[in-house]
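Here is a briefing on one protein model.

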Amino acid sequence: MTQHKKVFVSGCYDLLHSGHVEFFRQAAEYGDLYVGIGSDDTYLGYKHRPTVYPEQERLFMVRSIRYVKEAYINAGSGVMDFVPTLDIVRPDVFVVNEDGASDEKARVCRERGIEYVVLKRTPQEGLKARSSTDLKAATCQLPTRLDIAGTWIDQPYVSCYGAGWALTISVEPTFEIRERCGLSTSTRNIIKSIWPMKLPEMNPDTLARLVFCFENNPEREDGFVSGAQDAIGICVPGLCRHYYNGHFWPERIERCDDETTLAWLESHLCMIPLEPRLPGCSVVENKDITAEKVRALTTAAADCWTAIMQHDLAAFAAAYRASFDAQVAMFPGMLEPRVMEDGEWKIASGMAESISAAIAQWAAVPGVLACKMPGAGGGGYLALVVDETARFCCAHHEAIALSIRRRH
């Protein structure tokens, strides 16, 4: 072995485990090992969730491994964030495991005269194979929900003006599910207090009703009844619609588990993170609910379901926009949240301006066909209908692709 050679590897190494250490050991057989580590910002932009350990802590841990000569925080961004570090270290050999190999990495090495080595992922003898994905699977896997159309109809003070459907999808937790961002984290936290890791194996409709009753127990001090669409949207897999007619619980629950339809939805939906809804703010102050406005909401929800069933993208985007317009017409606080100041509810001007600017910005981006705020609005995310999710997320790294939970 020629020990004077420089060897380079790169990764995030967030949940550091024995598989990483064994990879370092194998790479170090080619020479003195230098490690590039993804920054916190790069990880957040690429994975859409924060690291478990901040970059300086990860740097300390990697540097402490005896196979490592030196380590650095990569200054670049995205999947090729290591290139600036590569040009500083100027290694003779660049080592990747087979999961991390790519033509782009091979090209970068070829251009710089660096030997490109791909290793098979093998555990140290006698140890179990480890991966960060496996470790994350042992953490909370509770889904969340995204409302598609008809939001607010699950409240009797809305459906008393006219019955109609709410449409939701149950979403896998493949990204950081932030609090106060329109993804029903209050209901999800209620579920987490009972089942911390994952939903129990039982009839999803019954499970949703149990969660709804537990969340809205008679001892609830605020007197507020959470809409049933949150519990149903989380607990019922696939695409779901639920019909409300003046009551808290829907008269009917129907769901679509058709794989072609769910894959079609995934190929046209994504989200953009915004600032969370302000603590203590209200989106229901200044509400204006009329039969005409509720009819616009229920018509849009019905049209949305039909468009999805027919895989009609233009009609889906139009109904999606119409549903959000109807929501905002009844609840202008979704775009202009109010905060209590001097005993009065006043528009949170900075937040309202930020929301309006974000909607205007993303509505004008090529490939965006419609956008809305999930849940009660007031901040959190923009949920977009786009021409092609994969292409859009590639062009806009802040965009989050969604994975709809399937029936198991």
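Five strands make an open sheet, ordered 3-2-1-4-5, with parallel pairing. Strands pair if DSSP finds at least two bridges between them. Helices (H or I, at least four residues) and strands (E, at least two) are DSSP runs, numbered from the N terminus. This is a predicted model: local features need pLDDT of at least 70, side-chain atom pairs count only at pLDDT 80 or more, and totals for chains, interfaces and linings use all residues. Residues are numbered from 1 along each chain as its sequence is written, and side-chain values use heavy atoms, with hydrogens and water left out.

**The parallel sheet**

- Axes are lines fitted to C-alpha atoms, for helices over the stretch in contact; angles run from 0 to 180 degrees between N-to-C directions.
- Helix 3 (residues 55-63) lies across strand 2 (32-37) and strand 3, and runs at about 170 degrees to strand 3.
- Five bridges pair strand 4 (residues 93-97) with strand 5 in the parallel sense.

**Valine 117 in strand 5**

- Valine 117 belongs to strand 5, and valine 95 stands opposite valine 117.
- Valine 117 counts as buried, at 9% relative accessibility.
- Buried means under 20% relative accessible area, exposed over 50%, and partly exposed in between (1.4 Å probe, protein chains only).
- Leaving aside neighbours within four places in sequence, valine 117 is in contact with Tyr30, Val93, Phe94, Val95 and Val96; contact means heavy atoms within 4.5 Å.

- Strand 8 (residues 239-244) is mostly covered, with six of its six residues buried.
- Leu239, Arg241 and Tyr243 point one way from strand 8, Cys240, His242 and Tyr244 point the other way, and all are buried.
- Strand 7 (residues 164-171) runs antiparallel to strand 8, joined by six bridges.
- Glycine 164 stands opposite tyrosine 244 of strand 8.
- Strand 9 (residues 252-256) pairs with strand 8 over five bridges, in the antiparallel sense.
- Arginine 255 in strand 9 is the bridge partner of cysteine 240.

- Tryptophan 152 is not a glycine, yet has a positive phi of about 95 degrees.
- Tryptophan 152 sits in the loop between strand 6 (144-149) and helix 7 (156-159), and counts as buried at 9% relative accessibility.
- Histidine 311, also not a glycine, has a positive phi of about 55 degrees.
- The loop between helix 12 (291-310) and helix 13 (313-330) holds histidine 311, which is partly exposed with a relative accessible area of 28%.

**The second largest pocket**

- A pocket is an open set of points on a 1 Å grid over the protein atoms alone, where a 1.4 Å probe fits, with protein on both sides within 12 Å along at least five of seven lines; lining residues have an atom within 4 Å of a point.
- The second largest pocket is lined by 31 residues, and Ser186, Phe224, Asp230, Arg277 and Ala376 lie nearest its centre.
- Helix 8 (185-194) and helix 10 (228-235) are the elements that give two or more residues to this lining.
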